[in-house]
Amino acid sequence: MKARQVDSESAHEMAERRKIYTSHFNQMALKDRKVGEVKIFDTTLRDGEQTPGIALSKEDKLRIAELLDELGVHVLEAGFPATSEGEREAVRSIVNRGLNARVCGLARANKNDIDAALSCDLDYIHVFIATSDIHLKYKLKMTREEVMERAVSTVEYAKDHGVTVEFSCEDATRTDLSFLKEMHIAVQEAGVDVINVPDTVGVIAPEAMNLLITELMKVTHVPLSVHCHDDLGLAVANSITAVLAGAKQIHVCVNGLGERAGNAALEEVAMDLLAFFGVEPLAMSKIGQVCKTVSRITGYPIPNNKAIVGNNAFSHESGIHVHGITGHASTYEAFGPELVGMSRAIVMGKHSGAHSVRDKLRELGVEVPDEYIPEIVQRIKELAESGKHVDDAELIALTDHIISRQDHEERVKLKEFAVFTGKGITPTATVTVEIDGDSNTVSQIGVGPVDAAIKALRTAVDENLLLEEYRLSAITGGSDSLAEVTVLLRDSNGTGRLYVGKGIGTDIVQTSVDATVEAINRRYSIIRKEV
Ligand code: KIV
Ligand code: ZN
């Protein structure tokens, strides 16, 4: 009993140190299932490049290979040399780069493909041939005996050239089990070094993967590897299950790239191995940057909600969540973002509450008296309801605006405002303002809607207020960015003083009107103070 407590305490300590907060049921279920060393075989440059729409130049491939090497992948499948001379050049350049990772090339089970791979100076070749009846009948038009004979002779041919050979029965998860076992036995006799089990069409369930690997382990004495596709969303789960059943290597692609729905995502597999088994096959803190760079080079965006490396993976918006996170990150995070080189973001939106806003402002170095927080929250919610999310720069500008506006009284109130404009139409604005309770409605035309609106306001209140300066700037980029308008009015009758007003909003005309009304109110509050 006592020993167990010590165990669970130390597991807890390790989780705290690494900031990993997964379920205690994992420990209950997995504590006796040690997985040992697991190798990461990255196929971003081969299966990943087969992602529809991706074509990488030699330089792109080399850059990605270097990044993967820095990450610490054990094997790097650099390409499919038989495809073209360009592909061979790219593979050669990666081989000659002197990376720490083993560099491998793919080959079909025939001598020409092996020769193409050998011509790239590769010392690791991944040979495959399909073994499922579906593939034999509709694609290869070969018998099982012919397939086995071809696999054996190709493995022998490659081994005669002194290279490491990994062999795959393509579509293994739809291959008859006894034939699959016979294939494994036959290629081992031919001298194969590693046997990979591809779930080519992503069709196996985790329980079935457990059964398959357990069965294959009975006849396989070289390391077993798995290559899982994500057609049913189970590539990572199946890879982890295979490791639990005895597989020693996982094929992955950065960002889950790969044919159709992709392959098991490198970043997810690596994090799961660490979180569930304490196995750390890669330099975890480099993962975020590598995934982002590969996304940029391939032109394949990372979905916002992508596990581990998506923009939202460590973003918190709702007040309840932000409150929790502020107490302790474990409340709403499975692990700390720094573990994988990402960072946490508190996002302002419809679900933000006073806690999130105050914490976010503090994080941005802005201390705001409590009385302003409700209005800032209110403005963020209004903007969010109209589809606008407020980023950091916009939040600071909005806060500044709300605080600076509180230092004058509102004697002039805008009651109604309409603007009429369009192609071939003279822009016309109508405003109704109330000055100390007296209402006044005025229409004016202008060279544009903003000009018409400001003229109408000045006419309604005091024509001696001249527009001295008008400034418009987008706080951030993008067509939905918040615009900041600054209006300077000069009192031409008397003092010649300048009065400034600022507005922030998504609608430029409305924001210009708000800024003008603010400048007018500054003028009026000064008049009252002087009286
Ligand atoms: O998915 C697959 O079966 C493959 C093979 C080439 C291993 O990519
Ligand atoms: Zn594949």
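## Around Val-192

Leaving aside residues up to four places away in sequence, Val-192 touches Val-155, Val-165, Glu-166, Phe-167, Val-187 and Val-222. This is a predicted model, so keep that in mind as you look around. You'll find Val-192 in the loop between α8 and β6 (194-199).

Is Val-192 buried or exposed? With a relative accessibility of 4%, Val-192 counts as buried, because the cut-off for buried is under 20%.

## Two helices side by side

Two of the residues that Val-192 touches, Val-155 and Val-187, also turn up where helices α7 and α8 meet. Helix α7 covers residues 144-160 and helix α8 covers residues 177-189. Their axes come within 9 Å and cross at roughly 25 degrees. Angles under 35 degrees count as roughly parallel, and α7 and α8 are therefore roughly parallel to each other. The crossing of the pair is right-handed.

Which residues in α7 and α8 meet? On the α7 side they are Arg-144, Val-147, Met-148, Ala-151, Val-152 and Val-155. Facing them from α8 are Phe-179, Glu-182, Met-183, Ala-186 and Val-187.

## The zinc site

Now for the metal. What coordinates the zinc ion (ligand 2)? The donors are Asp-47 (OD), His-227 (NE2) and His-229 (NE2), at 2.0 to 2.1 Å. Along the chain, these donors follow the spacing D-x179-H-x1-H. Asp-47 sits in the loop between β1 (39-42) and α3 (58-71), while His-229 sits in the loop between β7 (224-228) and α10 (235-244), so the pair ties together parts that are 182 residues apart in sequence.

## A look at Thr-486

One last stop is Thr-486, which lies in strand β15 (residues 483-491). At 7% relative accessibility, Thr-486 counts as buried.

So what does Thr-486 touch, not counting residues up to four places away in sequence? Its contacts are Glu-469, Tyr-470 and Arg-471, along with Val-500, Gly-501 and Lys-502.

Conventions:
Residues are numbered from 1 along each chain as its sequence is written. Chains are lettered from A and ligands numbered from 1 in the order in which they are written. This is a predicted model: local features need pLDDT of at least 70, side-chain atom pairs count only at pLDDT 80 or more; totals for chains, interfaces and linings use all residues. Side-chain values use heavy atoms; hydrogens and water are left out. Donors are N, O and S atoms within 2.8 Å of the metal (3.2 Å for Na, K and Ca); water is not among the atoms, so sites may look incomplete. Helices (H or I, at least four residues) and strands (E, at least two) are DSSP runs, numbered from the N terminus. Axes are lines fitted to C-alpha atoms, for helices over the stretch in contact, and angles run from 0 to 180 degrees between N-to-C directions. Angles under 35 degrees count as roughly parallel, over 145 as roughly antiparallel, 65 to 115 as roughly perpendicular and the rest as oblique. A crossing is left-handed if the near helix is turned anticlockwise from the far one by less than a right angle, and right-handed if clockwise. Contact means heavy atoms within 4.5 Å. Buried means under 20% relative accessible area, exposed over 50%, partly exposed in between (1.4 Å probe, protein chains only).
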